[in-house]
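Welcome, and please take a moment to look at the model below.

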Amino acid sequence: MNETSRMTARAIILHAGCLLTCQSPPESFLVLPGGGVERGETPEGALRREIREELRYDLSAVTKLGIQDSHWQHQETGERIHEHMHLYAAALQGKIRGGVLRGDESWNFGQWVPVGDLIERQLMPREALLWLKRYPWKL
């Protein structure tokens, strides 16, 4: 089976002991907020655009953490994914809303997940958990 390669920009956004994650039903796995880098965009520019589109927030305090290459298989479609992820730590501007966060893309939503629950939840790519362990919360 062929592998789909894509460059992404994603963020670790923490608030009150929770990690902001995104989910696209009917998929059951979670991803860090962000998405694909389009031609002519910088990774940080793509991250800011995706957060604005998906969650209706602007970002502040954006810090690049590094780049992570990961290979994984989409659980519903079986598609092999090679993700070249530019990873950032960021904060949301404005008042933080709880519950489900929706933006311009009705098929996608954000949710706050307690950091302690992430081992039980399927966060993709799995390497994202390694980056989270660098934070003071224990997984």
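Helices (H or I, at least four residues) and strands (E, at least two) are taken here as DSSP runs, numbered from the N terminus. Before using those names, a word on origins: this is a predicted model, in which local features need pLDDT of at least 70 and side-chain atom pairs count only at pLDDT 80 or more, while totals for chains, interfaces and linings use all residues. Residues are numbered from 1 along each chain as its sequence is written, and side-chain values use heavy atoms, with hydrogens and water left out.

Let us begin with the overall fold. The chain contains two helices and 10 strands, and their order along the sequence is β-β-β-β-β-α-β-β-β-β-β-α. Its C-alpha atoms occupy a box of roughly 45 × 35 × 30 Å along the principal axes. The radius of gyration, taken over C-alpha atoms, can be set against a globule rule of 2.2 Å times the number of residues to the power 0.38. For 139 residues a compact globule would come near 14 Å, and the chain, at 14 Å, agrees with that.

Taking buried as under 20% relative accessible area, exposed as over 50% and partly exposed as in between (1.4 Å probe, protein chains only), 49% of the 139 residues count as buried. With a contact defined as heavy atoms within 4.5 Å, consider the contacts between residues at least 6 apart in sequence: 66% of these join residues at least 24 apart.

Now for the empty space. Rolling a probe the size of a water molecule over the atoms shows where such space is left.

Two or more lining residues come from each of strand 1 (3-12), strand 3 (18-23), strand 5 (34-36), helix 1 (43-55) and strand 7 (80-92). Which element gives the most to this lining? Strand 1 does, with three residues. If Ala, Val, Leu, Ile, Met, Phe, Trp, Tyr, Cys and Pro count as nonpolar, Asp, Glu, Lys and Arg as charged, and the others, Gly among them, as polar, then the lining divides into six nonpolar, seven polar and eight charged residues.

Some individual residues are worth a visit. Met 7 sits in strand 1 and is partly exposed at 38% relative accessibility. Setting aside residues up to four places away in sequence, Met 7 touches Gly 35, Gly 36, Val 37, Pro 43, His 84 and His 86.

Glu 41 lies between strand 5 and helix 1, is partly exposed at 23%, and its side chain reaches the backbone nitrogen of Glu 38 at 2.8 Å. Asp 58, in the loop between helix 1 and strand 6, uses its side chain for a polar contact with that of Arg 52 at 2.7 Å. A polar contact here is a pair of N or O atoms within 3.5 Å; within protein, one must be able to donate a hydrogen and the other to accept it, and residues adjacent in sequence count only if both atoms are side-chain atoms.

Finally, a look at backbone angles. Most residues other than glycine have a negative phi. Ala 16, however, has a positive phi of about 50° and is exposed, with a relative accessible area of 71%. Arg 56 also has a positive phi, near 60°, and is exposed at 52%.
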